[in-house]
Amino acid sequence: MVVTKKTKTAAKKKCNKCAVEYRIDTGFYKIAQTDANFPDGYVNVCRTCMKEEWEDEYSGFENFVDFLRVANLPYKKDLYNNSKDKPNYIRSLRNKAYMNLRHKDSDPMVEEKGEIQVRTNNLKELSAEQMEECALFWGKGYDEEEYIYMMSEYEKYTRNYVIDSPVMEALVSKIIQTDLKIRRANESGQDASKDIKTYQELLNSAHLKPSQEKAAAENDANTFGTFIKNIEDNEPIAAPLPQFQDVDGLTKFVRAFFTAPMAKSIGVDNPFPDEYKEAMEELSISMEEAEGES
Ligand SMILES: [Zn+2]
């Protein structure tokens, strides 16, 4: 008897996903009801792989609900929200209050699905605050879907064109609004030719620069001053090479003919004796030279 039990608990199987072998009872999640698809009573993907699927930023919750469906476990909103994590939630389902519940007893999952859609970046609805912002920017008289359309269009324009002034912003928003008007007219079978004309005129006056020119346009705005500032800020100028140092000999001139005599006149030690001596020798005549020449 003992032996049978031991072999049973130590039974192992390979995960269908990562192919790692785990003990069935500790490595896999148990399903709530006997199911011919899962003869050993456990799902075929290991806990580690499951956890990974559930932690997916976008589809994590849906993956988790899929698991609950397969394992025939209920989704209970309050318990789920109060659980530290998803494995914790599954453990909590063993409590008396939940142990007899099956997937059909789940709470509605609509709210969570709504959340997922926002998180997956498919902007489907706007908050009250966003609606207000949109009404301020685009004006009233549009519905939620239209605001979303206009916002995504505006984003496309900012990505592809240089929109760098309030005038450009206004023009682009008018272009998009006119575009929406044309769409509305087309959908309801009305004549849109007047709006199309306005649309073209707006496009002309906006004189949109494609993004390839964007970088160039930005560079044009850099003045010589900003160029110098850039050098000063980012590339401090190194000391000149010896051959470019004091090409006119001004430093030497000042030291020999100004600083050194000045120091002497006020009774201070000559700070540049060598330079002074050199300059003086060059310009004065020795007794020998004077005698030899005369
Ligand atoms: Zn696995």
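Me: How many residues does the largest nonpolar core have, and which have the most contacts inside it?

Reply: In soluble globular proteins, nonpolar side chains tend to be buried together. A nonpolar core is a set of buried Ala, Val, Leu, Ile, Met, Phe, Trp, Tyr and Cys residues joined through C-beta atoms within 7 Å. A residue is buried if 20 or more other C-beta atoms, placed from the backbone, lie within 10 Å of its own, exposed if 12 or fewer, and partly exposed in between. In this predicted model, the largest such core has 13 residues, and F28, V43, L68 and A71 have the most contacts inside it. At least two residues of this core come from each of β4 (42-46), α3 (47-54) and α4 (60-71). Helices (H or I, at least four residues) and strands (E, at least two) are DSSP runs, numbered from the N terminus. Residues are numbered from 1 along each chain as its sequence is written. Because the model is predicted, local features need pLDDT of at least 70 and side-chain atom pairs count only at pLDDT 80 or more, while totals for chains, interfaces and linings use all residues.

Me: Which residues does L68 contact, leaving aside its neighbours within four places in sequence?

Reply: Two residues are in contact if their C-beta atoms, placed from the backbone, lie within 7 Å. L68 is in contact with L73, Y75 and H103.

Me: At what angle do α3 and α4 pack?

Reply: Axes are lines fitted to C-alpha atoms, for helices over the stretch in contact, and angles run from 0 to 180 degrees between N-to-C directions. Angles under 35 degrees count as roughly parallel, over 145 as roughly antiparallel, 65 to 115 as roughly perpendicular and the rest as oblique. The angle between α3 and α4 is about 135 degrees, with the axes 7 Å apart, so these two helices are oblique to each other. M50, E53 and W54 of α3 meet G60, N63, F64 and F67 of α4. This contact of α3 with α4 has four nonpolar, two polar and one charged residues. In that classification, Ala, Val, Leu, Ile, Met, Phe, Trp, Tyr, Cys and Pro count as nonpolar, Asp, Glu, Lys and Arg as charged, and the others, Gly among them, as polar.

Me: How do α15 and α16 cross?

Reply: Helix α15 (residues 250-265) and helix α16 (residues 273-283) have axes that come within 9 Å and cross at roughly 95 degrees. The pair is therefore roughly perpendicular. From α15, K252, R255, A256, F257 and A260 meet E275, Y276 and A279 of α16. By class, the contact of α15 with α16 has five nonpolar, no polar and three charged residues.

Me: Where is a positive phi found in a residue other than glycine, and is that residue buried or exposed?

Reply: A19, with phi near 65 degrees, is one case. A19 lies in the loop between β1 (12-14) and β2, and is exposed because it has 9 other C-beta atoms within 10 Å. N72, in the loop between α4 and α5 (77-82), has a positive phi of about 55 degrees. N72 counts as partly exposed because it has 15 C-beta neighbours inside 10 Å.

Me: Where is confidence lowest in the protein chain, and where is it highest?

Reply: The predictor's confidence in each residue is pLDDT, from 0 to 100. Its mean for the protein chain is 82, and 86% of the residues reach 70 or more. Confidence is lowest in helix α8 (residues 110-119), at a mean of 42, and highest in strand β2 (residues 21-23), at 93.
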